[in-house]
Each structure stands twice: as structure tokens, then as C-alpha cells.
Amino acid sequence: MTTTVPADARARRAASPSGGSPRDESPIGADPSAERGALRLAGVGRAFGPAEVLRGLDLEVRAGEILAVIGPSGCGKSTLLRLVAGLDAPSAGGIRLGGTTIRGVDESTAVAFQEPRLLPWRTLEANVALGLPRGTARAEGRERVRHLLQLVGLEHAASQRPREVSGGMAQRASLARALARGPEVLLLDEPFGALDALTRLRMQDLLLEIHAAEPTTVLVVTHDVEEALFLADRVVQLRTLRRAAPEEGSIARVIDVPSPRPRDRADAALAALRSELLDGLGVPSHHGTPAPGTTTRPTTPEDHA
Ligand SMILES: Nc1ncnc2c1ncn2[C@@H]1O[C@H](COP(=O)(O)OP(=O)(O)O)[C@@H](O)[C@H]1O
Ligand SMILES: [Mg+2]
């Protein structure tokens with residue numbers, strides 16, 4: 001499989017006003033889920049021995065869409081990301097990327113985690129270069145790394161080592177490394193969870209800038225309802241499965257976030273969706289709109305289980 005999205009596909013996606021799928025350019029009757037970068041999850045389940053973690057998960061993600069995944073601790077968010085990354089296999093159902101069933105780790109997806117996981121003895125530049133596809137020509141690789149460092153605002157720190165830079169800078173390098181291979185799908189597991197509140201807001205802005213420049217499909221797991229609503233085209237809320245309700249699937253709800261980007265964090269429509277999501281997570285929001293920039297970390301009974 002080729003490893004990078006062709007420039008013309010990128011340009012098409014970038015030109016699409018929604019930043020999403022150029023569906024109108026597909027031949028009539030074409031299956032949008034077969035498009036490069038589009039995901040289709042059908043009846044996905046994952047059990048570890050007798051413990052069922054995910055069940056009956058049906059979801060289509062458009063090419064270029066940003067999808068946020070929220071839900072109580074332990075409901076299977078990271079498990080879901082691992083399945084899409086091909087690091088784990090479903091016990092039921094299947095996941096297709098661009099019309100092809102995911103059967104293992106593939107260079108068309110990239111993952112970034114809460115910790116940057118950089119090699120401490122290498123410079124940021126060298127760490128980013130680790131993400132390049134195998135076989136990338138030297139000059140082309142150097143140019144791509146330079147471009148990415150610039151994109152994440154680290155061009156001045158290229159020759160520094162991870163311990164010499166802040167947590168936010170290290171996380172930006174980690175994002176650049178994930179982008180180095182030109183992934184069709186970028187999987188982010190609580191990517192900003194370890195950062196201070198202000199850095200976190202800056203990283204959210206940066207992620208959207210990156211997405212505008214390189215519009216890959218993004219699945220981002222977050223604990224933060226406001227982060228989900230600021231970033232995503234849709235928010236998927238997962239639930240903790242209960243033995244007493246074997247007919248229930250993992251998806252509790254899917255919310256469309258209609259506000260165009262860039263979004264105003266104080267947008268009243270987002271505040272209404274925030275209340276709806278918090279209610280769904282078992283955290284009634286009696287206090288209306290929070291001050292801009294404040295974050296909410298919902299807890300639920302399951303969090304304390
Ligand atoms: N490899 C594994 N073996 C056994 N249990 C696992 C494994 N991976 C995850 N789990 C269990 O699956 C549940 C969901 O985990 P996870 O996906 O990490 O939740 P989340 O990311 O939503 O907090 C947890 O109860 C966890 O202990
Ligand atoms: Mg997790």
C-alpha cells in the first residue's frame with residue numbers, strides 16, 4: 001500500500017469547504033466509505049476473555065472528518081483506537097479503511113498518545129524523522145521534516161533534545177512525528193491530557209491548523225467535553241457496557257457539531273451541546289456556560305468504580 005496521500009487528494013480535501021469528504025466529486029452511487037481515509041466500523045466488538053469491552057459498534061467516518069470520542073474511564077476508548085490502528089483485532093465485526101479491512105498495523109494510520117514518547121537522546125528533528133515512511137529519499141525526508149517542524153512551530157528548536165524543551169513542545173514534536181508519514185488517519189489518545197490548561201488550548205488551535213493544512217481523518221479521544229466540541233465535526237459518546245443490558249451497544253450517542261470552524265469557545269450553540277453531553281455522562285450542568293477557556297473533566301459513577 002502506498003504511504004502518503006497524493007498531493008492532489010490533499011488539495012481537493014483542503015478545497016472542500018467542510019474540510020470533509022469531497023463526496024460531490026465521487027461518481028454517483030460510489031460508496032463514500034470506500035474513499036481513501038474513510039472508515040467504516042460494522043458490528044465491532046472486543047472482549048478480553050469473559051469481559052466484553054466494546055459491543056455492536058457501527059460507525060462511518062468520512063475522509064477528512066474530525067471525530068471526537070468521549071466516555072467514562074474504562075469504557076473502551078483506547079481499545080477502540082487500538083483496533084483502528086491495527087494494534088489489536090476485534091472479536092466481532094470488522095473495520096474497513098478506504099474499503100479495505102484493517103488486519104494489522106499499517107503505515108496509512110498514525111497514533112499519538114498523552115505522553116510524547118520521544119527518544120530522549122535524539123534531537124526533535126531526528127525524532128520527527130523517525131515517523132517518515134520507510135524508503136523515503138533523504139532530501140525529500142529532510143524537506144518534509146522541515147515543513148512539519150514549521151507547521152507545529154518548532155523550526156527554532158529542531159536541534160534541541162526532548163528534555164531541553166517544554167511538555168507542550170515535546171507534544172508538538174510527537175504530533176509532527178505522527179504526521180511525517182502523511183497518514184490517512186491520525187489517531188490521538190488524550191493527546192493534550194498531560195498539558196496545562198493554556199498549553200492545551202493552544203494545542204487545540206494547532207491541531208485545527210494542522211488539519212486545515214493536511215486534512216487527514218482524525219479520531220481524537222478526550223476526557224474534555226469542551227475540547228471535543230471545539231475540535232470535532234461529530235462527537236461519539238461511548239458507554240460502559242452493563243451485564244444487565246446485553247442488547248445495548250457501546251455507542252450511547254453521536255452528536256453533530258454544526259458550528260463552522262474556527263469556532264468561538266463561548267459559542268451558545270456549543271454550550272447547549274456541552275450541557276447535553278455532560279447530562280449524558282451523568283454530570284448535570286446546572287451552571288450554564290462556563291468562562292471561556294475553562295475545561296470540564298466529567299466524572300461518572302464508573303470513574304469511581
Ligand atoms: N489487553 C487487555 N487485556 C485485558 N483487558 C484489557 C486490555 N486492554 C483493555 N482492557 C480492559 O478494557 C477496558 C477498557 O479499557 P480502555 O480501552 O483502556 O478504556 P478507556 O480508554 O476508555 O479508559 C478496561 O476495563 C481495561 O482494563
Ligand atoms: Mg484510555
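What percentage of the 305 residues in the protein do buried residues make up? The note below takes this up at its second point.

1. Basis. This is a predicted model, in which local features need pLDDT of at least 70 and side-chain atom pairs count only at pLDDT 80 or more, while totals for chains, interfaces and linings use all residues. Residues are numbered from 1 along each chain as its sequence is written, and chains are lettered from A and ligands numbered from 1 in the order in which they are written.

2. Overall make-up. Buried residues make up 40% of the 305 residues. A residue is buried if 20 or more other C-beta atoms lie within 10 Å of its own, exposed if 12 or fewer, and partly exposed in between, with C-beta atoms placed from the backbone. The protein has eight helices and 10 strands; helices (H or I, at least four residues) and strands (E, at least two) are DSSP runs, numbered from the N terminus. Of the contacts with a separation of 6 or more, 70% are between residues 24 or more positions apart. Two residues are in contact if their C-beta atoms, placed from the backbone, lie within 7 Å.

3. Ligand 1. The residues surrounding ligand 1 are Phe48, Val53, Gly71, Ser73, Gly74, Cys75, Gly76, Lys77, Ser78 and Thr79; a residue counts as near a molecule if its C-beta atom, placed from the backbone, lies within 6 Å of it. Helix 2 (residues 77–85) gives the most to this shell, with three residues. By class, the shell has three nonpolar, six polar and one charged residues. Here Ala, Val, Leu, Ile, Met, Phe, Trp, Tyr, Cys and Pro count as nonpolar, Asp, Glu, Lys and Arg as charged, and the others, Gly among them, as polar.

4. Helices 5 and 6. Helix 5 (167–179) packs with helix 6 (residues 197–213) at an angle of about 20°, and their axes are 11 Å apart. Axes are lines fitted to C-alpha atoms, for helices over the stretch in contact, and angles run from 0 to 180 degrees between N-to-C directions. The two helices are therefore roughly parallel to each other, a term for angles under 35 degrees. Gly168, Gln171, Arg172, Leu175 and Leu179 of helix 5 make the contact with Thr199, Arg202, Met203, Leu206 and Ile210 of helix 6. These residues divide into five nonpolar, three polar and two charged.

5. Ser159. This residue lies in the loop between helix 4 (138–151) and helix 5. Ser159 is exposed, because 10 other C-beta atoms lie within 10 Å. Ser159 touches Thr123 and Glu125, not counting residues up to four places away in sequence. The C-alpha atoms of Ser159 and Thr123 are separated by 5.1 Å, although the two are 36 residues apart along the chain.

6. Backbone points to check. Most residues other than glycine have a negative phi, and most peptide bonds are trans. Arg117, in the loop between strand 6 (109–112) and helix 3 (124–129), has a positive phi, near 50°. Glu190, in the loop between strand 7 (185–189) and helix 6, also has a positive phi, near 45°. Arg117 is partly exposed, with 13 C-beta neighbours inside 10 Å, and Glu190 is partly exposed with 19 other C-beta atoms within 10 Å. The peptide bond from Arg261 to Pro262 is cis, with omega near 0°. Pro262 lies in the loop between strand 10 (251–256) and helix 8.

Definitions and conventions: Parallel < 35°, antiparallel > 145°, perpendicular 65-115°, else oblique.
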